[in-house]
Amino acid sequence: MPDAVFRHPHAPGDVVTPERDITHQHFRPGDQVVILKGTSGSELWGDAYKVVTPSWHTPTDEDGWRLYDPAGGERTYLTAHPRYLVHLSNRCPDCLIYQQALRTYLVPRLAGAEQDVDCGWYSVNHLNQVVHIADARGGR
């Protein structure tokens, strides 16, 4: 994650990720992945993780993945839905298509930002599960 990140008050909503059709089987233990969260200049940025093991994703009631955060800290392990994840360890077509769609949608809308931008699409709930705003229940 960039050092100084600005939580843009008018960041565009994410219309790309909620529509992403990616299966649980697309990822495997040991895969290096990123959850894209915003922009840094004309590039996308996010938090990098290592896929560890299957895990139920309660906010979506679907199969998810347990992720290891190499930076550690308070939340060394998180659970996330596959549609949030993008491969870093290989350049698969599905992830590249998703990345390009997100870049095409997001970068022009934030082109005037002078700082790195966190769009605020993700939060972590009390179960250490990553939740996209489109998947949040009851506004959480």
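This note covers the fold, the surface and the salt bridges of the structure above.

1. **Basis.** This is a predicted model, in which local features need pLDDT of at least 70, side-chain atom pairs count only at pLDDT 80 or more, and totals for chains, interfaces and linings use all residues. Residues are numbered from 1 along each chain as its sequence is written, and side-chain values use heavy atoms, with hydrogens and water left out.

2. **Fold.** The protein chain has nine strands and one helix. Helices (H or I, at least four residues) and strands (E, at least two) are DSSP runs, numbered from the N terminus. The order along the sequence is β-β-β-β-β-β-α-β-β-β.

3. **Dimensions.** The radius of gyration of the protein chain is 14 Å, which agrees with the value near 14 Å for a compact globule of 140 residues. That radius is taken over C-alpha atoms, and the globule rule is 2.2 Å times the number of residues to the power 0.38. The C-alpha trace spans about 40 × 35 × 30 Å along its principal axes.

4. **Packing and surface.** Of the 140 residues, 44% are buried. Buried means under 20% relative accessible area, exposed over 50%, and partly exposed in between (1.4 Å probe, protein chains only). Take contacts (heavy atoms within 4.5 Å) between residues at least 6 apart in sequence: 60% join residues at least 24 apart. The chain exposes about 7500 Å², with carbon and sulfur atoms supplying 49% of it. Areas come from the Shrake-Rupley method with a 1.4 Å probe; for residues, only the protein chains shown count as cover.

5. **Salt bridges.** The structure holds three. The criterion is a side-chain nitrogen of Lys or Arg within 4 Å of a carboxyl oxygen of Asp or Glu.

6. **K37 and D47.** These residues form a salt bridge, with the closest N and O atoms 2.9 Å apart. K37 sits in strand β2 (residues 32-40) and D47 in strand β3 (residues 43-57), 10 residues apart. K37 counts as buried because its relative accessibility is 15%. D47, at 18%, also counts as buried.

7. **The R83 network.** Salt bridges link E62, R83 and D135 in a network. Between E62 and R83 the closest N and O atoms are 4.0 Å apart. E62 lies in strand β4 (residues 62-68) and R83 in the loop between β5 (77-80) and β6 (85-87), so the pair ties together parts 21 residues apart in sequence. Between R83 and D135 the closest N and O atoms are 3.1 Å apart. D135 is in the segment after β9 (130-132), 52 residues from R83. Both R83 and D135 are buried, while E62 is partly exposed at 34% relative accessible area.
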